[in-house]
Structures are given as C-alpha cells and as structure tokens.
Amino acid sequence: MTELPPTDEVVSALKYAVAPCFTAAATVYLVGRVSLSLIRRFSGRSLPLSAVIAVLAVGVALAVGNYAAGLDRPFPWVPDGKPWHFAWWAIGAMVGVELIARIPGIQFGNLLRGVTAGLAAYFVIPAFAQSEARWWIPVASLAIAIVWGTTDFVARKYSGGSIAFALAINCGGTAAICLHAASLGFLNVATFLAAGLGACALCAWLTRSDAAAAATAATGPQIVLLLLTKHLSSDSQVPLDCFLMVGLAPLALLLLLAPGIRRVASMRFGGIAAISLVATPVAFAVLRAMIVAPYSFSLAQEEW
Amino acid sequence: MRFVMGLTTAALCCVVAFAADTKFPLTGENSKIEFTGTKKEGKHDGGFKKLTGTATITGIDAATAKLEVVIETESLWSDDAKLTGHLKSPDFFDVKTNPTAKFVSTKVEATKTGHVIHGDLTINGKTKAIHFPAAIVVADGKIAIQADFTIDRTEFGMTYGQGKIDDKVAIRLKVEAKS
C-alpha cells in the first residue's frame with residue numbers, strides 16, 4: 001500500500017505546480033468576470049461569455065503550468081523527436097475547440113469535438129499500439145467523444161462550480177494513476193489541470209457564477225494523459241480497470257439526469273451529488289492502484 | 001624461379017590472412033554498459049542487461065576497430081525498482097517508443113595513452129556524434145575494451161528533473177569478447 005507523500009514533496013508540488021496554475025486560472029476567471037460586469041454596467045449589454053472565460057482559464061492554467069516548470073517541463077512547446085510530444089498540441093487543440101464551441105451562436109460544437117477527439121486519438125496512440133490493435137484509435141476516439149459530449153451535456157444543465165470541482169477531483173485521480181504508473185511528467189500535467197479546475201470552481205462559488213464549461217474543456221486532455229501513460233509506461237503494474245474507471249468517471253454525471261435523482265439533485269444537493277458521483281469511481285480506482293502498484297516515497301528508496 | 005614465385009604467393013597469402021577482419025560478437029554477457037546519474041544529495045547506478053553487436057578488427061591493430069552495438073532499452077536496470085520504472089518511462093528512455101539505443105563507431109584514433117573512439121550514439125531516436133577515451137587490447141583471439149566517459153542526457157531528449165538531476169551522466173563500458 002502506498003504511504004502518503006512526505007511534507008517536502010507536497011510543499012514542492014504546491015509551490016511549483018499547483019500555485020502557478022491555480023493563480024493563473026483564478027486571475028483569468030476573476031478578471032473575465034469583472035470585465036463582463038463592467039460591460040454590463042456601462043453599456044447595458046449582458047455578454048454570454050461566462051463559459052468562454054471558464055475554458056480560457058483552464059487553457060491558461062495548462063500553459064502557465066508548463067511554462068513555470070521551466071527546463072523541467074513535461075512537454076516541449078515544439079515537438080522534439082518523441083511522437084508523444086504531439087499530445088501537447090492535441091491537448092491545446094481540445095481546449096481551443098472547446099473555446100470555439102462555447103462561443104454563443106456556434107452550431108457545430110459537437111461536430112468539432114468529435115473530429116478533434118478522432119485526431120487526438122490518432123496523434124496520441126503510439127504507432128506500435130496502433131499496429132498491435134487496429135481498434136485502439138476508433139475505441140479511444142469514441143471514448144473521448146462520448147465522455148466529452150456527456151460532460152458538456154450535463155454541464156449545460158448544472159451551472160455553478162460543482163461540475164468543475166468534480167472534474168478537478170477526476171484530474172487529481174488521473175495524477176494519482178500517473179504517479180503509480182511511474183509516469184511523473186504526465187502526473188505534472190494532470191496536476192496543472194486539477195489546479196486550474198479547482199480555481200475555476202472556487203471562483204464560481206465565490207462569485208455565484210458558472211464554471212461548468214471548464215470541466216468540459218478538461219475531459220479530453222485528461223483522457224489523453226491516461227492513454228499516454230497506459231501505452232508508454234513499461235513497468236506499470238496499474239491495472240487497466242483503474243485507467244478506465246478514472247477516464248470514464250465523468251459518465252457517472254449522467255445519473256444526475258435520471259428521473260429519481262434529477263428531482264433530488266435539482267434541489268440543494270445537485271452539487272454534492274455531482275461531486276460524489278465522479279469522486280466515487282475515482283477514489284476506488286486510486287485505492288486499487290495504491291494496493292496493486294504501491295509507490296514509495298520513503299527516503300530508503302528515494303528515487304533521485 | 002618457380003620457388004621464388006611460390007614463396008611470394010605464400011607470403012602474400014600470409015599477409016592477406018593476417019590482415020583479414022576478425023569479428024568479435026558482443027552480447028550482454030561479455031559486454032557491460034553501466035551508468036551513474038547524480039544529483040546534489042546522491043547518485044544512482046544502472047545499466048543494460050541485453051545488447052547485441054560486433055567489434056571488428058583488421059589484423060591486430062586496435063586502431064582499426066569498428067564497433068556496432070544495439071542496446072535493448074527494455075533491459076534497463078538500476079539500484080532502485082521505482083527508479084527503473086521511471087527511467088523506462090517517457091521522461092527518460094521512453095522504452096516503449098524507442099526499444100533500442102545504438103552506437104556505431106566512425107573512427108578509432110591511437111593516442112599516447114590509449115585510444116579515442118569516435119562514433120554516433122542514438123538514444124531516444126536522437127543521434128549525436130560523441131568521442132571518448134578507451135583502452136583497447138587485442139590479443140590471443142580476444143578483444144578487451146574499457147572506457148569511462150560522460151554524456152549529456154539532455155542532448156538525447158531526457159530533460160526531466162533539469163536543475164535537480166545533473167545533466168552529465170557517467171558511462172562505464174567494459175568488453176571482454178572472443179572471436
């Protein structure tokens with residue numbers, strides 16, 4: 001069983017990964033909200049751009065996290081020899097597409113998401129895996145598209161910070177799976193996402209606004225990170241079901257729309273229900289990974 | 001006259017025989033490639049268990065040596081199981097994407113103290129020209145090569161932990177092969 005990480009590792013992660021991303025996302029979100037308020041006050045026009053601001057905040061959090069990591073950054077800005085470097089562009093494309101899809105009046109959002117899901121799967125799944133099993137690309141494309149579409153569908157019905165917070169927990173689970181698969185670079189990117197979403201959720205609760213679109217922007221990238229970790233970790237003991245439970249956890253949000261639950265969730269418990277529904281499979285998967293593929297932080301086995 | 005011609009032919013045959021290439025097969029058993037990664041507070045040792053290749057010598061002149069080694073990166077080991085997993089991950093050797101690393105010598109120079117081997121090292125799909133001092137001894141149908149040198153891991157796409165883990169990695173090479 002994995003023991004808890006030592007304090008200095010937690011402080012280091014908070015300082016170099018969580019804090020920059022959280023601050024960046026919160027700044028973009030709050031500045032965006034204030035700007036919308038000022039426009040409404042002085043021009044009398046209410047611009048429906050809350051969702052765009054939330055997605056932008058997640059995108060900025062990712063970019064700031066990668067920048068703040070300096071030379072230690074997980075992804076080079078320009079692909080440098082390794083095929084998986086293109087995953088960074090795939091992640092960027094997903095956030096960009098979500099940004100476009102959230103612009104009011106855009107009718108072809110789901111078409112864009114579907115095409116991007118297919119392209120992302122093509123670029124992310126390594127050539128050796130594609131030749132071993134031809135079904136990887138269609139299955140991964142479908143999984144990304146379905147989870148992405150589902151999160152978007154539910155997020156449009158449940159405004160506020162809860163869906164973003166639920167996905168922040170989901171990304172935290174992705175980070176934990178990457179850790180147990182000894183894929184520390186991708187763990188950092190999942191942490192950037194979790195921190196950005198956490199900031200959006202907190203800001204949404206504080207300002208009584210809607211950050212659910214931020215969650216939609218993070219679903220594709222986190223599946224990309226899980227796919228990369230699954231395919232490229234050589235000695236990983238983490239079972240496939242752990243990857244599936246974390247990657248598909250947002251599908252549990254569909255239960256919010258089930259007739260019985262919908263009535264309860266539409267009262268005061270919607271947020272708690274959304275968070276619980278996503279957190280349960282994630283917690284189960286992480287616990288299983290901790291037991292099956294323990295990761296040691298002890299000084300006796302200190303890695304470097 | 002016939003005697004002289006016969007003697008000349010025999011001598012030529014001997015020269016040709018002496019100058020013929022001798023190939024020494026290299027394997028994980030007769031060749032050790034190990035490395036040491038360092039940081040401020042410590043170090044870790046590792047290496048590769050499986051490799052294939054040849055060392056080719058013309059005559060007995062070590063300066064004619066040609067080396068070609070293919071390393072199976074999946075056979076990487078280290079003094080810490082957790083570290084082994086991380087070294088095989090995309091942050092370092094990315095063994096799933098790049099299952100082999102390769103060294104092909106381009107030139108061997110004789111120096112006052114030994115030899116300098118020049119060649120192309122390919123790790124992570126990146127090829128860099130390197131050279132390093134080595135002791136090469138060819139005798140009794142055997143070749144022995146020993147070398148200690150450093151490479152810059154960042155030149156081969158291994159940038160993880162820059163600033164915390166040293167860029168320079170010490171490499172130790174020891175070959176004792178029979179033809």
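**Briefing: chains A and B**

Val139(A) is partly exposed, because 13 other C-beta atoms lie within 10 Å, a count between the limit of 12 or fewer for exposed and that of 20 or more for buried. The model is predicted.

**Val139(A)**

- Helix α6 of chain A, residues 136-155, contains Val139(A).
- Gly118(A) is 21 residues away from Val139(A) in sequence, and the C-alpha atoms of the two are 9.5 Å apart in space.

**Helices α2 and α8 of chain A**

- Helix α2(A), residues 50-68, packs with α8(A) at an angle of about 145°.
- The axes of α2(A) and α8(A) are 9 Å apart, and the crossing is right-handed.
- From α2(A), the residues that meet α8(A) are Ala54(A), Ala57(A), Val58(A), Ala61(A), Leu62(A) and Gly65(A).
- On the α8(A) side, the residues that meet α2(A) are Phe192(A), Leu193(A), Ala195(A), Gly196(A), Leu197(A), Ala199(A) and Cys200(A).
- Sorted by class, this contact of α2(A) with α8(A) holds 11 nonpolar and 2 polar residues, with no charged residues.

**The sheet of chain B**

- Chain B has an open sheet of 11 strands with antiparallel pairing, in the order β1-β4-β5-β7-β8-β9-β10-β11-β2-β3-β6.
- The edge strands of chain B are β1 (21-27) and β6 (76-78), each of which pairs on one side only.
- From one strand to the next, the twist averages 20°.
- Strands β7 (residues 100-110) and β8 (residues 115-123) of chain B run antiparallel and are joined by 8 bridges.
- Ser105(B) has Gly119(B), in β8(B), as its bridge partner.
- Helix α2 of chain B, residues 81-88, packs on the sheet and touches β3 (42-48) and β6 of chain B.
- The direction of this helix makes about 145° with that of β6(B).

**Contact between chains A and B**

- Chain A gives 23 residues to the contact and chain B gives 27 residues.
- On the side of chain A that touches chain B, the elements that give two or more residues are α8 (184-207) and α9 (212-232) of chain A.
- The residues on that side of chain A comprise 10 nonpolar, 8 polar and 5 charged.

Terms used
Residues are numbered from 1 along each chain as its sequence is written. Chains are lettered from A and ligands numbered from 1 in the order in which they are written. This is a predicted model: local features need pLDDT of at least 70, side-chain atom pairs count only at pLDDT 80 or more; totals for chains, interfaces and linings use all residues. Two residues are in contact if their C-beta atoms, placed from the backbone, lie within 7 Å. Helices (H or I, at least four residues) and strands (E, at least two) are DSSP runs, numbered from the N terminus. Ala, Val, Leu, Ile, Met, Phe, Trp, Tyr, Cys and Pro count as nonpolar, Asp, Glu, Lys and Arg as charged, and the others, Gly among them, as polar. Axes are lines fitted to C-alpha atoms, for helices over the stretch in contact, and angles run from 0 to 180 degrees between N-to-C directions. A crossing is left-handed if the near helix is turned anticlockwise from the far one by less than a right angle, and right-handed if clockwise. Two strands pair if DSSP finds at least two bridges between them.
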